[in-house]
Amino acid sequence: TRDFSSVAPKGSSIDGIRDIIAVASGKGGVGKSTTAVNLAIALAKTCQLKVGLLDADIYGPSIPTMMKLHGKPEVSEDLKMVPFENHGVRCMSIGFLVDKDAPIVWRGPMVMSALEKLTRGVTWGNLDVLVVDMPPGTGDAQLSVSQRLQLSGALIVSTPQDIALIDARRGANMFRKVEVPILGIIENMSCFKCPHCGEKSYIFGRGGAHQTAEEMDMEFLGEIPLEQDIRTGSDEGNPITISAPHSEAAKAYTEVAKKV
Ligand code: ADP
């Protein structure tokens with residue numbers, strides 16, 4: 001992994017955690033959580049790091065399902081929550097604490113206090129890296145996570161579609177404003193490869209993320225195809241980096257993990 005010492009001299013703001021990396025998107029539904037999960041697994045498996053995964057997507061937590069984890073976390077003697085672990089990654093999510101079907105209708109201050117508990121109120125232990133699945137967008141919650149956690153860097157996920165890329169730029173500019181280094185952009189759902197004939201279709205357009213990366217002076221970290229196995233793996237709690245480690249997608253996630 002990169003040496004962040006020059007850009008983040010203070011290190012992370014949580015005891016025992018060396019670096020905190022945010023996985024962000026300007027828009028929902030582009031594959032931010034899928035990326036966060038597979039990146040965390042790749043960092044743990046391929047890079048042999050001690051990895052945590054924080055689901056900060058307060059209004060739509062999907063890490064419990066994607067990591068096949070459920071139940072209420074145990075509470076330690078010092079009244080902190082003990083994270084769950086699967087696929088070699090320690091996980092914490094608001095999804096463990098609230099009823100699955102209950103709407104989360106919190107306003108700003110409650111979101112902030114929930115995020116505080118989910119970060120500093122957890123017995124993470126020593127971690128090389130904590131991957132944070134950010135809430136989509138560029139509002140209060142995102143700003144506050146970025147500032148309070150002293151992020152070492154942020155990774156932006158976008159589809160090749162113009163409308164997603166516009167929002168990705170917004171996300172990147174938000175991180176720049178709060179002086180969080182941008183590690184690069186990942187293009188998700190880059191192309192669809194027909195399982196029958198192998199022909200590639202560029203459903204959401206082509207080349208846009210490359211261009212955006214160049215224009216915004218960001219590194220282009222890689223592209224992930226649109227693949228049914230990625231979706232089913234996520235839904236079943238068996239992410240593609242576990243279920244098909246030799247697939248094109250899993251290899252791409254591993255490459256991203258090596259780069260960040
Ligand atoms: P976000 O966190 O940006 O809202 P998710 O990671 O939850 O997005 O992804 C949204 C949906 O798209 C999920 O059902 C997920 O399984 C699916 N998905 C994400 N990336 C891919 C991909 N590359 N191929 C197929 N399905 C994908």
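Is strand β4 (residues 89-93) mostly covered or mostly uncovered, and how many of its residues are buried?

1. Burial of β4. In this predicted model, strand β4 is mostly covered, and five of its five residues are buried. A residue counts as buried if 20 or more other C-beta atoms lie within 10 Å of its own, with C-beta atoms placed from the backbone. Strands are DSSP runs of E with at least two residues, numbered from the N terminus.

2. Basis and confidence. Residues are numbered from 1 along each chain as its sequence is written. Local features need pLDDT of at least 70, side-chain atom pairs count only at pLDDT 80 or more, and totals for chains, interfaces and linings use all residues. The protein chain has a mean pLDDT (the predictor's confidence in each residue, from 0 to 100) of 90, with 96% of its residues at 70 or more. Residues 4-9, however, have pLDDT below 50. The model scores are ipTM 0.99 and pTM 0.93.

3. Faces of β4. V89, C91 and S93 point one way from the strand, whereas R90 and M92 point the other way; all are buried. In a regular strand, side chains alternate between the two faces of the sheet.

4. Parallel partner. Strand β2 (residues 51-55) pairs with β4 in the parallel sense over five bridges; pairing requires that DSSP finds at least two bridges between two strands. Opposite S93 in β4 stands D55.

5. Antiparallel partner. Strand β3 (residues 84-86) pairs with β4 in the antiparallel sense over three bridges, and E85 stands opposite R90. The hairpin of β3 and β4 has two residues between the strands, and H87 takes a positive phi near 50° there.

Note on methods. Two residues are in contact if their C-beta atoms, placed from the backbone, lie within 7 Å. A residue is buried if 20 or more other C-beta atoms lie within 10 Å of its own, exposed if 12 or fewer, and partly exposed in between; C-beta atoms are placed from the backbone. Helices (H or I, at least four residues) and strands (E, at least two) are DSSP runs, numbered from the N terminus.
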